[in-house]
Structure formats: structure tokens, C-alpha cells
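Please read them alongside the sequence and the coordinates.

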Amino acid sequence: MFPKYDVIVVGAGHAGCEAAAAAANLGSKTLLVTMNMQTIAQMSCNPAMGGIAKGQIVREIDAMGGYSGIVSDLSTIQFRMLNRSKGPAMWSPRAQNDRMLFSIKWREMLEQTPNLDFYQDMVKTLLVKDGKCEGVVTGLGHEIRAKSVVLTNGTFLNGIVHIGEKNFGGGRMAEKAATGITEQLVSLGFESDRLKTGTPPRIDGRSLDYSKMEEQKGDDEVVGFSFLETEKPKEQRSCWITYTNQSVHDVLKTGFDRSPMFAGRIDGTGPRYCPSIEDKINRFSERDRHQLFVEPEGWNTVEIYVNGFSTSLPEETQYEALRNIVGFENVKMFRPGYAIEYDYFPPTQLRYTLETKLIQNLFFAGQINGTTGYEEAACQGLMAGINAHQKTKNLEPVVLKRSEAYIGVLIDDLISKGTDEPYRMFTSRAEFRTLLRQDNADLRLTELSYRLGLASQERMDKVIMKRESVAKIKAVLKDFAIEPGEVNNYFASISSSPITERQKAGKILLRPDVELDEFADAVPKLKEILSGFSRDALEQASIQIKYDTYIVKEKELVQRMSQLEELEIPETFDYKKIASLGNEAREKLTKIKPRTLGQASRISGINPSDVQILMVFMGR
């Protein structure tokens, strides 16, 4: 019934979809196995993509030829570029999406992907022989053979849903949990643990009084995520902001004695940076209100997502608390919020390719590795799919460095440090964030992906054109002289000091309060010269000129750090024979088996003196 596949991907969430698309587009005969074909690429929690650091990841996925950016653009109902008031290293694109349209567009793109088959069934166990994964066994008893397998099980591994004192097996509300895989992997020597996440109630937008809330509109210009020319919405839907209050908190507290979290029925650790509302009012008892974002679920639905009100309290407590929120006095609830507890495998058990150390040809991606968020899952899926293909074809593995991508930071953090709570990406985790901006993800990554055969010729052509355009714009600004009379009125309008002699446009652009588009508007001759260039190229040239000093410094730092990254440690290296290493260092180095001295230096508990000892011992 089934041919032998190159790659089998288990699970069709954000990680699974990107993994399947990447492997298939690279030329591997790929099978995507999911328990429900109707929930492919389901947005299980909030109907949004991107945000701080997450938006950078989506742009990196897109630059590599993944699908998340395109699908996000095609289903956007509101777009905002966050942190515009800060430097460009902090700018982060974020979109509200039509939940149903997002899933539909993902499925359409996957169905149009050559080399990709689908099958609806639960994967019960893996076929493992002589330390190698050779396929899967499904709930219906089918043995499906493959050269490599990517597990992207999300929250489904032994998932338990909690609402108040009620709990039942499930990977999402009304969807059954997946069983068998954890038990098999543990029997093979893997270490597993439990994590928890949660989601807020969904409510009827027709029952809300928006006149009592603060409107949050989208940006005037929808920039989007994809570097390709995707179709953008011509209008946008507003989100709304309201707040909890003391009455809401008092009602919520009446349910604490029946809270699965406070009563100890949940063992798993929850996400630190997206706590439940009961956790927030318990931990931050000094605060009398918390912000809530009222987010529409799509173009043609009245369903509303209450961002900031994640909860697993009893339904009646949730309902009563919601009614005390300003604008929610007559609220109707579609379904309650809930918590979900699930198995994950600490990611120190993986190689940089996301292949497991214990079993060859077996890859993990997404929440199975302890991450939280669609974007974090999707980028792992992309890299696992690429490397599963590379492994089956006996090609070189693909590993992104910390200095090349947020994706590289995320994977290095997981593998070097592990995680005992759901991992979320932040700009602060990236030490080279001036280099890893959302605006230059294509310049950083598309050429690498194009050489692999994943990024298209169209993408590569656009990158070449952008690079050439940026060079031309920078040359124009370097040479174009401006007379005082041409710009002093503009300077006065932005409270900037006038000039008394002619200056080059590039020097004027170094002023922090000068923006290229406004500056060019004030100098008609300059505007005319620049009118032939794209907005994207103009913005890129402006950033490169303004932040050149910082970019150069960061590149020098990368160069210095790369010396440690190039010092490889043999996989068979015996740390126990180095008597001068402390016990903790020996244990952690033996467990994680770092690939390089650079990775060794980032392991929690390894200090600079340990790295020096390793360098001496390796004859460096």
C-alpha cells in the first residue's frame, strides 16, 4: 500500500508543515502523517504570526524558501511593525491572521508541493533497528518505511486537557492525544519530561461593547513577511484593548481552590513569558489591572480571542470574571480556556541538525523540543526537514550559526543549554541582533538556501537586485552634495541644527532624527534620483549607512568569536580524563558532547576557566 519514502514527517502543525515542505521541495519523496487532515497548520492558540523576535524568525523562514511568511501574508487581517520607535535591530513585524484562511492556504500550498503525500492516521511507534530509525507504525497497524523520520508531535504526546477540576486526554480541545511514542523512546534510553501551556476562552464579538475599549488599528502600510510579492489586504480589521480590574481579580480568586495549577494536578512547567491570568494575579498581586487584547479570529467570523486571559479555572469562574471586564458586561462565551500538559524531550539529546544523538535518522522539531510558539516551531521544522533530506541523500548537514540567524540562536540555545520551561525567542537572546535584523534576512540567508536548492531562482534574483540597488543608493548618497538652503527648513521642522556649508547626503543621514524618505521629500533633485528604487532597497541602504559603525563592530566581534567556533572537539573526546575540570563541567560536557569550543563555552555551568583548560588540553 505504501512505497518507501525518503522522509516521513509526523504531525502537521507549524513544525510539521515546514519540515514536509522543505524536504519535498529539496527533492525527497515525503509523507506527512497527521491525525486529522482538517487541522493542518491549525493556529491552536492566538490567531497571529510574528511579534518581537518571532517576526524576525518568520522573515528568516521566508528568506530560506519556507512557506510561513507567504501564508501569513495571504491570511493577514491586520499588520503592525512593532518597536518602530527603537533602532532597526528591534523592529519586529506582527500580523493578526484569519485563523481558518491561514490553515486553508497552508493546505493549498502543501497540496501543490511536488514529492509530498499525505496520510491521516496516528503514529503509534517507530521502526528502529540497530540504532537507526527506519519508519513508523500507525494506529491502524500500517508499517511505513522511510530513510528518515521527523517527529513534530506538538502538545499531543500523552496530552491532558485541564479545565478546573475536570481533565481528560487530548492534544487540543476535542482532539485525542497521541500515545505510545514517549514510552518507546524512553525504553530506548531517551529522557522525557512534562510541560504545560494554556489558551484563553473564545467569545462572541457581537456581545461586546467596543465603545468602552481602546481601538488598535494596523499600520497604514502593510509591509508583510514575505520577500516575494505577496498579495496584501487592502483594508484591515482593528483589534481592541481593555483591562482586567480588581472585581475581575476577586472573581478569579474564588476559583483558585479548584485550579488544576494551584491544586497540584498539573506537573508540567508553564511558559514564563505567557502566564495564565490566575498566575498573573497571584504572582503580581500588587497590580490592580492587566492589559487584554481583544483580537478578531478572521474576516468573516464574530469569534474573538482574548489575548492575555489564558486560564484553566472552572468555566463558571471564567465566565463570571469575563463579565466584570469593561466592555464585556454582556459577554457570551463560545468555549472556555484550558491548560494542556504534554510530554517533551529535553533538547540536549539532539545534534545541531536536530537529529537525535541516540537514534540515527530520527529528527525532533517543535514543541517536542520544549519550545513554545508557532514561529519557534516552524523554524525548527524547516531545519529538520532540510537536514532529514540532506541525511537521506548523503549530503552535508545544514547548520546556521548564532551570527547568521535567530534560527541559529534558538537551536544553539536548545542544544547547548536545554530548557526546563517552554522556550520563547526574544531579541535579547541574540548577541548579534544588529546583524540579525528582519529587514536583511534575505541578504543573510537566501543565497545559502538557493545553493541547497530550496530558495527559488525568483528569490535569488530579487536578492541580487536588492544588493545592487543598495550599493547604488549608498553611492548616490555618498556623492550627492546638499546646499544649506535646500534642507535648513526641513531641519527646522524636526528641531535639528541647521548646516552652514554644503554637506554630502550620506553625512546628513547619520543624524538620528533624519529619515531618508522625509529628507528626500525636502530635496526634489535627490527625490528624483531615488524614485527609481524600491522602498525595500531605500530602507536597507538607509539602515546600512546610519548603523555602519555598530554593524562593523558586531562583525569584528563575530570574527573574534568564530575562532572558538572553528575549534572542533572530537565526538569521542573523554572529559573524565581531564582532572583539572570540576565535576559539574565534566558531567555537562560528557552529557551534551559539544561540537566546538564555542558551543562548550555556552553550556550552563561551564565557566571561562573550563574553556581555557580544554584549549590547553587540545594543544591550542
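1. Two strands are taken to pair if DSSP finds at least two bridges between them; helices (H or I, at least four residues) and strands (E, at least two) are DSSP runs, numbered from the N terminus. On that basis, L195 stands opposite Y342 in β19. Strand β12 (residues 193–199) and strand β19 (residues 338–344) pair in the antiparallel sense over 7 bridges.

2. On sources: this is a predicted model, in which local features need pLDDT of at least 70 and side-chain atom pairs count only at pLDDT 80 or more, while totals for chains, interfaces and linings use all residues. Residues are numbered from 1 along each chain as its sequence is written, and side-chain values use heavy atoms, with hydrogens and water left out.

3. The sheet containing this pair is open and has 4 strands, in the order β11-β10-β19-β12, with antiparallel pairing. β11 (166–169) and β12 are the edge strands, each with a single partner, so one side of each has no neighbour in the sheet. On average, neighbouring strands of this sheet are turned by 25° against each other, direction ignored (axes are lines fitted to C-alpha atoms, for helices over the stretch in contact, and angles run from 0 to 180 degrees between N-to-C directions).

4. Is β12 largely enclosed or left open by the rest of the structure? It is largely enclosed, because 6 of its 7 residues are buried. Buried means under 20% relative accessible area, exposed over 50%, and partly exposed in between (1.4 Å probe, protein chains only).

5. L358 sits in the loop between β19 and β20 (362–364) and is partly exposed, at 44% relative accessibility. Setting aside neighbours within four places in sequence, L358 is in contact (heavy atoms within 4.5 Å) with G131, L188, G189 and F190. L358 and G131 are 227 residues apart along the chain, and their C-alpha atoms are separated by 7.1 Å.

6. Two backbone angles deserve a check. Most residues other than glycine have a negative phi. N115, not a glycine, has a positive phi of about 70°; N115 lies in the loop between α4 (99–111) and β6 (116–120) and is partly exposed at 34% relative accessibility. D130, also not a glycine, has a positive phi of about 50°. D130 belongs to the loop between β7 (123–129) and β8 (132–138) and is exposed, with a relative accessible area of 72%.

7. The structure holds 1 cavity of 30 Å³ or more. On a 1 Å grid over the protein atoms alone, a cavity is a set of points where a 1.4 Å probe fits but cannot get out, and a pocket is an open set with protein on both sides within 12 Å along at least five of seven lines; lining residues have an atom within 4 Å of a point. Grid points are joined across faces, edges and corners, and a volume is the space filled by probe spheres set on the points. The largest cavity has a volume of about 50 Å³, and its lining includes Y352, M383 and I411. Helix α10 (residues 406–417) gives the largest share of that lining, 3 residues.

8. The second largest pocket has a volume of about 980 Å³. Its lining has 33 residues, with R84, E515, L516, D517 and E539 nearest the centre. α17 gives the most to this lining, with 7 residues.
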